[in-house]
Amino acid sequence: MPRKYCIPKFFARRGISCDQLPEHVYRRAKEIIEKLEDGAHFQSVDGKRMDFDKSKVSIPIGRRYRMFAYLQGKKVTITHLTTHENYNHLLKRRPRGGLSK
């Protein structure tokens with residue numbers, strides 16, 4: 001039996017806000033986060049800077065899901081893992097200057 005309960009704890013320990021998502025999304029996001037923690041550049045995992053604030057990054061997890069991150073120098077800090085639909089709502093609700101933590 002798969003250990004589903006361990007995957008969301010991975011994100012909680014890092015302070016990442018997660019929607020309830022399919023297990024394959026958590027697994028893919030975990031792989032990407034581990035690459036970033038090992039020093040990979042955010043663009044190597046298809047991350048892109050936000051047009052409205054270059055210190056914020058969107059990283060796709062397939063076609064339907066996204067992670068939000070902040071750049072602090074060369075360090076990438078992931079804050080959200082969400083559906084693409086919620087991603088669009090977050091962008092519409094953002095205060096001046098971009099998506100808030």
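Ser 58 is found in strand E3, where strands (E, at least two residues) and helices (H or I, at least four residues) are DSSP runs numbered from the N terminus. This is a predicted model, in which local features need pLDDT of at least 70 and side-chain atom pairs count only at pLDDT 80 or more, while totals for chains, interfaces and linings use all residues. Residues are numbered from 1 along each chain as its sequence is written, and side-chain values use heavy atoms, with hydrogens and water left out.

With a relative accessible area of 8%, Ser 58 is buried; buried means under 20% relative accessible area, exposed over 50%, and partly exposed in between, with a 1.4 Å probe and protein chains only. Leaving aside residues up to four places away in sequence, Ser 58 touches Asp 46, Gly 47, Lys 48, Met 50, Arg 66, Met 67 and Tyr 87, a contact being heavy atoms within 4.5 Å.

The protein has three helices and five strands, which follow the pattern α-β-α-β-β-β-β-α along the sequence. The five strands form an open sheet with mixed pairing, in the order E1-E5-E4-E3-E2; two strands pair if DSSP finds at least two bridges between them. The edge strands, E1 and E2, each pair on one side only. E2 and E3 pair in the antiparallel sense over two bridges, and Arg 49 stands opposite Val 57 in E3. Helix H2 packs on this sheet, touching E1, E3, E4 and E5, and its direction makes about 135 degrees with that of E3; such angles run from 0 to 180 degrees between N-to-C directions, with axes fitted to C-alpha atoms, for helices over the stretch in contact.

| Element | Residues |
|---|---|
| Strand E1 | 17–18 |
| Strand E2 | 48–49 |
| Strand E3 | 56–61 |
| Strand E4 | 65–72 |
| Strand E5 | 75–83 |

Of the 101 residues, 40% count as buried. A nonpolar core is a set of buried Ala, Val, Leu, Ile, Met, Phe, Trp, Tyr and Cys residues joined through side-chain atoms within 4.5 Å. The largest such core has 23 residues, and those touching the most other members are Phe 11, Leu 36, Ile 59, Ile 61, Met 67, Ile 78 and Leu 81. H1, H2, E3, E4 and E5 each supply at least two residues of this core, and the largest share, six residues, comes from H2. A second, separate core of five residues includes Met 50, Phe 68, Tyr 87 and Leu 90.
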